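Here are some exercises to work through with the structure open beside you. Try each task before you read its solution.

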Amino acid sequence: MPLSPVSKRRQVINFLTNYPDQGLTIAEAKNRFGIANLASTIRDIAPQVEAFGNWKIERTRTPRGKVRYFMRDTHEGDRTYGYDREGNRYMIGGPNDPNMVDA
């Protein structure tokens with residue numbers, strides 16, 4: 001069964017949560033995901049990811065003056081759930097965890 005396509009917004013969210021220390025610049029977003037206006041995409045996703053206080057969008061400048069966006073986890077402790085590539089919630093270690101390998 002083929003996987004359904006993932007939206008560009010979801011690709012940015014997935015990238016920023018999977019690589020929290022790497023961040024994403026405008027040029028990287030264009031090369032990786034084909035996003036022409038990353039600032040607009042970040043404005044669209046910020047209310048969604050910051051809604052419950054578990055994530056915070058941060059914007060910094062690189063030494064060369066480029067803007068780099070990060071998504072920081074503000075939740076203390078271990079997470080008990082995650083999201084798959086399409087944005088569906090699952091319990092970590094549970095039956096729908098895509099990272100678990102069937103024995």
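**Exercise 1. Find which residues of helix 1 are buried, and what covers them.**

Step 1: Go along helix 1, residues 8–18, and you'll find Arg10, Val12, Ile13, Asn14, Phe15 and Leu16 buried. Buried means under 20% relative accessible area, exposed means over 50%, and partly exposed is in between (1.4 Å probe, protein chains only). Helices (H or I, at least four residues) and strands (E, at least two) are DSSP runs, numbered from the N terminus.

Step 2: Look at what sits over those residues. The cover includes strand 1 (24–25), helix 2 (26–33), helix 3 (38–50), strand 3 (67–73) and strand 4 (81–83).

Before going on, a word on the model: it is predicted, so local features need pLDDT of at least 70 and side-chain atom pairs count only at pLDDT 80 or more, while totals for chains, interfaces and linings use all residues. Residues are numbered from 1 along each chain as its sequence is written, and side-chain values use heavy atoms, with hydrogens and water left out.

**Exercise 2. Work out which elements supply the largest nonpolar core.**

Step 1: The largest one here has 17 residues, and Val12, Leu16, Leu24, Leu38, Ile42 and Ile57 have the most contacts inside it. At least two residues each come from helix 1, helix 2, helix 3 and strand 3. Helix 3 gives the most, with five.

Step 2: Zoom in on leucine 38. Leaving out residues up to four places away in sequence, leucine 38 touches Val12, Leu24, Thr25, Ile26, Ala29 and Tyr69; contact means heavy atoms within 4.5 Å.

**Exercise 3. Describe how helix 1 packs on helix 3.**

Step 1: Their angle is about 70°, and their axes are 10 Å apart. Axes are lines fitted to C-alpha atoms, for helices over the stretch in contact, with angles from 0 to 180 degrees between N-to-C directions.

Step 2: Helix 1 and helix 3 are therefore roughly perpendicular. Angles of 65 to 115 degrees get that name; under 35 is roughly parallel, over 145 roughly antiparallel, and the rest oblique.

Step 3: List who meets whom. Arg9, Arg10, Val12, Ile13 and Leu16 of helix 1 meet Leu38, Thr41, Ile42, Asp44, Ile45, Gln48 and Val49 of helix 3.

**Exercise 4. Track down the salt bridges, and say which residues form a network.**

Step 1: There are three to find, a salt bridge being a side-chain nitrogen of Lys or Arg within 4 Å of a carboxyl oxygen of Asp or Glu.

Step 2: Aspartate 21 pairs with arginine 72, with the closest N and O atoms 3.8 Å apart. Aspartate 21 is in the loop between helix 1 and strand 1 and arginine 72 is in strand 3, so this pair ties together parts 51 residues apart in sequence.

Step 3: Arginine 72 also bridges to glutamate 58, at 3.1 Å between the closest N and O atoms. Glutamate 58 is in strand 2 (residues 55–61).

Step 4: Finish with glutamate 28 and arginine 68, whose closest N and O atoms are 3.1 Å apart. This pair joins helix 2 to strand 3, 40 residues apart. Glutamate 28 is partly exposed at 24% relative accessible area, whereas arginine 68, at 17%, counts as buried.

Technical notes:
A nonpolar core is a set of buried Ala, Val, Leu, Ile, Met, Phe, Trp, Tyr and Cys residues joined through side-chain atoms within 4.5 Å.
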